[in-house]
Amino acid sequence: MVKQFGMAPTIGPISFPEAQEGLAGIGRRPFSQGLQQMMDHEARLLVAKAYRHTEKVLQDNLDKLQALANALLEKEVINYEDIEALIGPPPHGPKKMIAPLRWSDAERERQDTGEEEAPQQPPVRGEEPS
């Protein structure tokens, strides 16, 4: 995030993509040791900030965490409805439930609605294309 995409305010919008195999200058860095130390420091700060945030979220929701842990100890497997009953609905709205479809069912539904034809599936190895 810091080195490859330049996402650190103290370093600025510079980017050092990963070296590709077979290119000249293998083992050479296009930046100084000082800049390397700055990027390492920024990466450590990002990890530490994420860790502190995660720790705070867990501490703020310790009661919900305990309820989930106890339910898992009791049942071993809990589903979405069990979780929602224990800790309440998700903060960003209910989960969108999507029923799984087989490819042939989805293809039939697409044809019924008149959508453009999807690309044909490649033939199975050893079979002639249709």
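This dialogue covers how to read helix packing and confidence in a predicted model.

User: What does pLDDT say about the protein?

Analyst: pLDDT is the predictor's confidence in each residue, from 0 to 100. The protein averages 78, and 72% of the residues score at least 70. Among its elements, helix 2 has the highest mean pLDDT (94) and helix 4 (residues 103–113) the lowest (78). Helices are DSSP runs (H or I, at least four residues), numbered from the N terminus. In this predicted model, local features need pLDDT of at least 70 and side-chain atom pairs count only at pLDDT 80 or more, while totals for chains, interfaces and linings use all residues. Residues are numbered from 1 along each chain as its sequence is written, and side-chain values use heavy atoms, with hydrogens and water left out.

User: At what angle do helix 2 and helix 3 pack?

Analyst: Axes are lines fitted to C-alpha atoms, for helices over the stretch in contact, and angles run from 0 to 180 degrees between N-to-C directions. Angles under 35 degrees count as roughly parallel, over 145 as roughly antiparallel, 65 to 115 as roughly perpendicular and the rest as oblique. Helix 2 (residues 62–75) and helix 3 (residues 80–87) pack at about 140°, with axes 10 Å apart, and are therefore oblique to each other.

User: How do helix 1 and helix 2 cross?

Analyst: The axes of helix 1 (residues 33–60) and helix 2 cross at roughly 75° and come within 4 Å. Helix 1 is therefore roughly perpendicular to helix 2. Leu58, Gln59 and Asp60 of helix 1 make the contact with Leu62, Asp63 and Leu65 of helix 2.

User: What follows helix 3?

Analyst: Just after helix 3, Gly88 has a positive phi of about 95°.

Conventions:
Helix = DSSP H or I, 4+ residues; strand = E, 2+ residues; numbered from the N terminus. Contact = heavy atoms within 4.5 Å.
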